[in-house]
Structures are given as structure tokens and as C-alpha cells.
Amino acid sequence: MAEQQQVKPLVPAAFRDEEEALSTQLNLRKRRYVQCCGCISALSLILAVVVLVLFFTLFRIHDPKIKINSVTIQRLELINGSLRNDVNVTLLANVSVTNPNVATFKFSNSTTLIYYGGRVIGEAIHLQGQAKARRTLLRNVTVELDPEKIEAVPSFRSDLNSGAFSISSYSTISGRVKILKIVKKRVVVRLNCTTTYRISGRQFVGESCRPELDF
């Protein structure tokens, strides 16, 4: 008996066209998906680079700076080689606070101590304030010096005879810099200054300052 030859049914042309169209559509979708993922990855990388650049440049917290621009003394009156004890000696200082950051530097009440012969002879309290972004804040500081404390320094007589007093100051400003409520940093700025007051010229000479920072 002769083997019957099996004949496979022919696939309709319309069905083949539909299969090819579906395959082409799947490949197109896959290609678009890959391209979309690539674009998202590229944008994420660019965004990460931008954030890093901003963090290390624009958002970086820089050190505020304190500078004493000028210092004068008023009511330093001598009678028979002694200071008048009924009148306080007044030290006036013009101080600047420079804020190099892109955000405001807000600080609380701060202090300035005046030393002579290693002893505190005057103290001043600066009221709270703020130095705006990339601006310099100017302030006048008034310190009342106690004549009795000045005369109590062992070297007072010899300094008076030489016509010069070596005076030092210590200022502290504590505040905070906050950028877009994201980057926050507390900053304490300290300034140590030493200068010499010449009685004959009624002026300060040879000022030397050393800033200190504490984060």
C-alpha cells in the first residue's frame, strides 16, 4: 500500500502579513524602549553632574569674615599721671562682617572682650543681625573700659611712661548659613586682634588680627 504523502496546509498570505507586521511592531517598540531608557539614563547622569557641580560651587558654604576697620578711644583723661575714675574710657570700633555665600548669614548676639595686660578691662554685646548674600555688613561697636581695671594692671605705670599701651581684643560671632533649606551649617567666627595705642597721637598702630573658624 502506497504511503500517503502528507501535505502541509498552506498558510494564508493575510496571516503571514499579520505576523510580519506584529513582529515589526514589537521590534519597533523594543527599540523605542531602549532609546527611552538611554535618554532617561543620560538625563539622570546630567542631573547628577549638575547637582554635584552646584554642591561643590554654588551650594558650598564659604567662611564669613570679620574685619576691624578702625578703632578709636574717647575720654581717656589723665590727671597727675592717673586716669579719671569717674569717667569710663570708651573704645569705638568699626567692624565689618563679609558674607561670601549665596544665602544670608544670620547670627545671634555676639561679644567682644578687650584685654590689657592679660586682664579683661571691657566687654560689649553685639545685637543679633544678618549679613545678606555676598554682602558686607558694617557695624559700630562701643566698649566701655573700666579705668580702675586699667590702672590695676601691673605694667600700667611703665606703659604710661613709655606713652604706649598694648591692647588686644577677642570677638565671637555665632550664626548659621542655610541654602534652599537643604544645606545648613552652623558657623562660629572668632577674631583675635592685637594693637598698640599711642597716647601722644591718640591713635592705634600696628594692628594684627588672626581669624578663627569653628563649624
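Modeller: Contact here means heavy atoms within 4.5 Å. This is a predicted model, in which local features need pLDDT of at least 70 and side-chain atom pairs count only at pLDDT 80 or more, while totals for chains, interfaces and linings use all residues. Residues are numbered from 1 along each chain as its sequence is written, and side-chain values use heavy atoms, with hydrogens and water left out.

Let me begin with Y197. Leaving aside its neighbours within four places in sequence, Y197 is in contact with I73, L76, G163, A164, F165, I167, R202, Q203 and F204.

One of the contacts of Y197 is R202, which lies in the loop between β11 (183-198) and β12 (203-214). R202 is exposed, with a relative accessible area of 55%, and has a positive phi of about 50° although it is not a glycine. Most residues other than glycine have a negative phi. R75 likewise has a positive phi, of about 60°, without being a glycine, and is found in the loop between β1 (65-74) and β2 (78-79).

The side chain of R75 meets that of E144 in a salt bridge (3.5 Å, N to O), the term standing for a side-chain nitrogen of Lys or Arg within 4 Å of a carboxyl oxygen of Asp or Glu. Because E144 lies in strand β9 (residues 135-145) and R75 in the loop between β1 and β2, the pair ties together parts that are 69 residues apart in sequence. Both partners are partly exposed, E144 with a relative accessible area of 36% and R75 with 43%. By this rule the count comes to two salt bridges, and E77 forms one with R84, the closest N and O atoms being 2.7 Å apart. Here E77 is partly exposed at 31% relative accessible area, and R84 is partly exposed at 26%.

Technical notes: Helix = DSSP H or I, 4+ residues; strand = E, 2+ residues; numbered from the N terminus. Buried < 20%, exposed > 50% of the residue type's maximum accessible area, 1.4 Å probe, protein only.
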